[in-house]
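Welcome to this tour! Open the model in your viewer, keep the sequence panel beside it, and select each stop as we reach it.

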Amino acid sequence: MSAQSDLERMYCEIVERGGGAGLPSMADFKRNDPKVQALLLRQPAKRLSLTLPEVAAKPEPKPKPERKPEAATPQREFAKESVSEPPIAQGLADCRLSGELIQCPNAAYTLAGNRSLASLENGVLEPGNRLGIEPFDGVRNDDEAVRGYLSAAYDRYIPKMLAIGLGANTMSFTAFHNAFYTLESGGVDFSERMDQTYELLKQDRKTLGVKARYHDELPESLAQCVTIDRSIIVCDNVGTNWVFVRTK
């Protein structure tokens, strides 16, 4: 599989120079967001005295996802062409988006960034803190079963990324969904590979600093948002993901 970006070319150089131990395969590496790719490469690049390329401050515009009203259990929708503004999900209809704040009648949520190592809870980077997504035991062509599985898995993934201070490095649900199908169709267990990636990120967090944020882009409306639980709202435009955490 050929390299198509500076980060992918850096991955190839690291592997060619014998520093790829612990890195995922090129196919799996490509499925990660560029910010996560940079995190994965930072430590092996440092060992080889290589300078990582800059991650683009602002991604290229992506088509907006169409979202339908949600039932009590969130059911995410994927990007589709639409001629009208999609509706706001149930539970957010009375809320207001204002920059880095989502204000609801009885709660407020602020945009989560990446946190410093010193601010993390004790033990979150230790082996006992695992991502812990259950393996999928259904049929991949059963769309309803896959959606239900991925919805539950994503609801676990987001808080776990917040726990290790990577609120600005999360995958969108669309990317999560695409990774599932790509991995599983290639004979790779999705839950196992996600666990492995989480362990790599934990190890990097012990020695590598992260920027609080990588761009100034913000969601355009609450139509791009869904609730994960009473404490977390996630918004995305397919290309960019934002996590808002309850503050009161």
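## Stop 1: a charged trio

Select Glu 199 and Lys 202: both residues are buried, where buried means under 20% relative accessible area, exposed means over 50%, and partly exposed lies in between (1.4 Å probe, protein chains only). Their side chains meet in a salt bridge, 3.1 Å from N to O. A salt bridge here is a side-chain nitrogen of Lys or Arg within 4 Å of a carboxyl oxygen of Asp or Glu. Glu 199 and Lys 202 sit about one helical turn apart, because they are three residues apart in helix α6. Helices (H or I, at least four residues) and strands (E, at least two) are DSSP runs, numbered from the N terminus.

Arg 130 forms a salt bridge with Glu 199, with the closest N and O atoms 3.9 Å apart. This pair links distant parts of the chain: Arg 130 is in the loop between β3 (107-111) and α4 (143-163), Glu 199 is in helix α6, and they are 69 residues apart. Arg 130 counts as partly exposed, at 41% relative accessibility. Together, Arg 130, Glu 199 and Lys 202 are linked in a network of salt bridges.

A word about the model: it is predicted, so local features need pLDDT of at least 70 and side-chain atom pairs count only at pLDDT 80 or more, while totals for chains, interfaces and linings use all residues. Residues are numbered from 1 along each chain as its sequence is written, and side-chain values use heavy atoms, with hydrogens and water left out.

## Stop 2: another salt bridge

How many salt bridges does a search of the whole structure find? It finds five. For one of them, select Arg 213 and Glu 100, whose side chains meet at 2.9 Å, N to O. Arg 213 lies in the loop between α6 (190-207) and β4 (225-229), and Glu 100 in the loop between β1 (96-98) and β2 (101-104), 113 residues apart. Arg 213 is partly exposed at 25%, and Glu 100 is partly exposed at 43%.

## Stop 3: helix α5

Next, select residues 173-185, helix α5, and find Glu 184 in it. Is Glu 184 buried or exposed? Glu 184 is buried yet has no salt bridge; Arg 140, the nearest side chain of opposite charge, is 4.1 Å away. The buried residues of α5 also include Phe 173, Phe 176 and Leu 183. Just after the helix, click on Gly 187, which takes a positive phi of about 80°.

## Stop 4: strand β3

Now select β3. Four of its five residues are buried, so the strand is largely enclosed by the rest of the structure. β3 pairs with β2 in the antiparallel sense over four bridges; two strands pair if DSSP finds at least two bridges between them. A hairpin joins β2 to β3 through two residues, and Gln 103 has Ala 108 in β3 as its bridge partner. Three bridges join β3 to strand β6 (residues 241-246), and these two run antiparallel. Leu 111 stands opposite Phe 244 in β6.

## Last stop: confidence

Finally, colour the chain by pLDDT, the predictor's confidence in each residue, from 0 to 100. The chain averages 83, and 85% of the residues score at least 70.

Technical notes
Lys, Arg positive; Asp, Glu negative; His and termini not counted.
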